[in-house]
Amino acid sequence: MASIWRYANPKKFIETSDRVLPVIAWGAVAALVVGLVWGFFFTPEDYRQGSTVKIIYIHVPAAMMAINAWAMMLVASLIWLVRRHHVSALAARAAAPVGAVMTVIALATGAIWGQPMWGTWWAWDPRLTSFLILFLFYLGYSALWAAVEDDDTAADLTAILCIVGSVFALLSRYAVNFWNQGLHQGASVMRAGAIAGDTQERVSNVFAAPLFVCMAGFVLLFVALVLLRTQTEIRARRMRALLARERMG
Amino acid sequence: MSALLIRDLRLALRAGGGFGLGLVFFLILVALVAFGVGPQGALLSSIAPGMLWVGALLSCLLSLDRILALDYEDGSLDLLATAPLPLEAVVSIKGLAHWLTTGLPLVVVAPALGVLMNLAGPGYLWLVLSLLVGTPALSTIGTFGAALTVGLKRGGLLMSLLVLPLYVPTLIFGAEVARRGAEGLSVATPLALLGGITCGTIALLPFASAAVLRVNLR
């Protein structure tokens, strides 16, 4: 039976990802162009927020991917620890900078939106604070990868750091809730009843439809970047091995 | 196990410097904060609980690389790893020794520094209690950070980057207990959560520390 683990073979992984990468990348471009153009030019302005509401099309998908990238790294780290597939460890490594950039985008767009709306670039609000902490976790994770010379040791250490960090990131998320009640609005995109059309407490359908397209675009963009970066890592490693063999021979 | 604990305590006491260094650092930090924000009593007393907690945390951080680095360099860590004592127990003892030589003295001197920071009257008891409950978590988390970076040259800065985000929940609840205590509010909830974090880290984190230490000793 064809198992998912056969893609753990680097050769098979490169072959398959070479085939799907263009599809995913162009899908990401298409979804982002459609979603952003639709969102920026063909939706009405919010009656209170004016045109600033449109930053939602970058802010929300980036924030979503910032969290999901960490979740993906957690899964990849667990797979590395349990099954020792190198592709998995490399994928986790490849996702970290992408996730960090998503976190920065979410924080920056949030600040740009917050300045006119809340009257401040930054507030020590639980959501903002936990994103800042998440960013620190990304930095520490990447720094540890860069600092350890032996690849397998680095993969093991970062995988365990990722697991421990996930627990502490969750703890921090709820600890900051306790510490300050905050300014940020609650979840209003993916709540229960959102599909059923209950528009009382959530983003109106006019804004939601292009938002979902943008979210799809960000997901595809993330997958494409991770695939590309993982391929690069595999090829770089293969090149190092070849060079080492040449020196030996 | 007790032999290892006694050995670590003795080394910490006799090596000189390390034992008192954290305390002196704590004192200097408090003085620097006072210089930085100015001598107004009301301002100092409003930031006192948080500043004392941050000071204790940084003093703790300062001595983390001593937990394992010396043993790693002279090879005794390899001996400990091959000894019949499980590595999980070794890192637990190391954390305990670090707490006894760093955390506990901080708890003892904290009230004196509270006077310098013009801490409000009812705050002293809760400051000491919150530090007493919270600093073991700082030592345990710190041992994990030390185990992660033990094989690295100049790993100190990297360790700070790795450990400080892990300290966030402990700091939030600890400082909250001290702040609420100083303002005469109820402290039961944050104190219980702080205790929960301490118990949880002591129970679970040694497994992660031992796992990374095994990787680093490979």
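Trainee: At what angle do helix 3 and helix 6 of chain A pack, and how far apart are their axes?

Mentor: Two packed helices are described by the angle between their axes and the distance between the axes. This is a predicted model, and in it helix 3 of chain A and helix 6 (residues 205-248) of chain A pack at about 125°, with axes 8 Å apart. That angle makes helix 3 of chain A oblique to helix 6 of chain A. The crossing of helix 3 of chain A past helix 6 of chain A is right-handed.

Trainee: Which residues of helix 3 of chain A and helix 6 of chain A meet?

Mentor: Helix 3 of chain A brings A:V87, A:L90, A:A91, A:R93, A:A94, A:A95 and A:V98. Helix 6 of chain A brings A:F222, A:L225, A:V226, A:R229, A:T230, A:E233 and A:I234. By class, this contact of helix 3 with helix 6 of chain A has 10 nonpolar residues, one polar and three charged.

Trainee: Take A:A91 from that list. Is A:A91 buried or exposed?

Mentor: Burial is read by counting neighbours, and the cut-off for buried is 20 or more other C-beta atoms within 10 Å. A:A91 has 24 other C-beta atoms within 10 Å, so A:A91 is buried. This residue belongs to helix 3 of chain A, which covers residues 86-118.

Trainee: Which residues does A:A91 touch, leaving aside those up to four places away in sequence?

Mentor: With those left out, A:A91 touches A:A76, A:V226 and A:T230. For a sense of distance, A:A91 and A:S130 are 39 residues apart in sequence and 24 Å apart in space, C-alpha to C-alpha.

Trainee: How many helices and strands does chain A have?

Mentor: Chain A has six helices and zero strands, which reads along the sequence as α-α-α-α-α-α. Of its 249 residues, 39% count as buried. Among contacts in chain A with a separation of 6 or more, 76% join residues 24 or more positions apart.

Trainee: Where in chain B is B:N118, and what is its phi?

Mentor: B:N118 lies in the loop between helix 6 and helix 7 of chain B. Its phi is near 60°, again positive in a residue other than glycine. With 17 other C-beta atoms within 10 Å, B:N118 is partly exposed.

Trainee: How do helix 6 and helix 10 of chain B pack?

Mentor: Helix 6 (residues 87-116) of chain B packs on helix 10 of chain B at about 110°, with the axes 8 Å apart. Helix 6 of chain B is therefore roughly perpendicular to helix 10 of chain B. The crossing is right-handed. B:L87, B:E88, B:V91 and B:S92 in helix 6 of chain B meet residues of helix 10 of chain B including B:P206, B:F207 and B:L213. The contact of helix 6 with helix 10 of chain B comprises six nonpolar, two polar and two charged residues.

Trainee: And at what angle do the axes of helix 7 and helix 8 of chain B cross?

Mentor: The axes of helix 7 and helix 8 of chain B cross at roughly 150° and come within 9 Å. Helix 7 and helix 8 of chain B are therefore roughly antiparallel to each other. Among the residues that meet are B:G142 and B:A146 in helix 7 of chain B, and B:L162 and B:V163 in helix 8 of chain B. Eight residues of this contact between helix 7 and helix 8 of chain B are nonpolar, three are polar and none is charged.

Trainee: How many residues does each chain give to the contact between chain A and chain B?

Mentor: Chain B gives 18 residues and chain A gives 22 residues. On the side of chain B that touches chain A, helix 7 (123-149), helix 8 (156-166), helix 9 (168-182) and helix 10 (188-217) of chain B each give two or more residues. That side of chain B has 16 nonpolar residues, no polar ones and two charged.

Trainee: What scores does the model carry?

Mentor: The model has ipTM 0.88 and pTM 0.88. Chain B averages a pLDDT of 87, and 98% of its residues score at least 70.

Technical notes
Residues are numbered from 1 along each chain as its sequence is written. Chains are lettered from A and ligands numbered from 1 in the order in which they are written. This is a predicted model: local features need pLDDT of at least 70, side-chain atom pairs count only at pLDDT 80 or more; totals for chains, interfaces and linings use all residues. Helices (H or I, at least four residues) and strands (E, at least two) are DSSP runs, numbered from the N terminus. A residue is buried if 20 or more other C-beta atoms lie within 10 Å of its own, exposed if 12 or fewer, and partly exposed in between; C-beta atoms are placed from the backbone. Two residues are in contact if their C-beta atoms, placed from the backbone, lie within 7 Å. Ala, Val, Leu, Ile, Met, Phe, Trp, Tyr, Cys and Pro count as nonpolar, Asp, Glu, Lys and Arg as charged, and the others, Gly among them, as polar. Axes are lines fitted to C-alpha atoms, for helices over the stretch in contact, and angles run from 0 to 180 degrees between N-to-C directions. Angles under 35 degrees count as roughly parallel, over 145 as roughly antiparallel, 65 to 115 as roughly perpendicular and the rest as oblique. A crossing is left-handed if the near helix is turned anticlockwise from the far one by less than a right angle, and right-handed if clockwise. pLDDT is the predictor's confidence in each residue, from 0 to 100.
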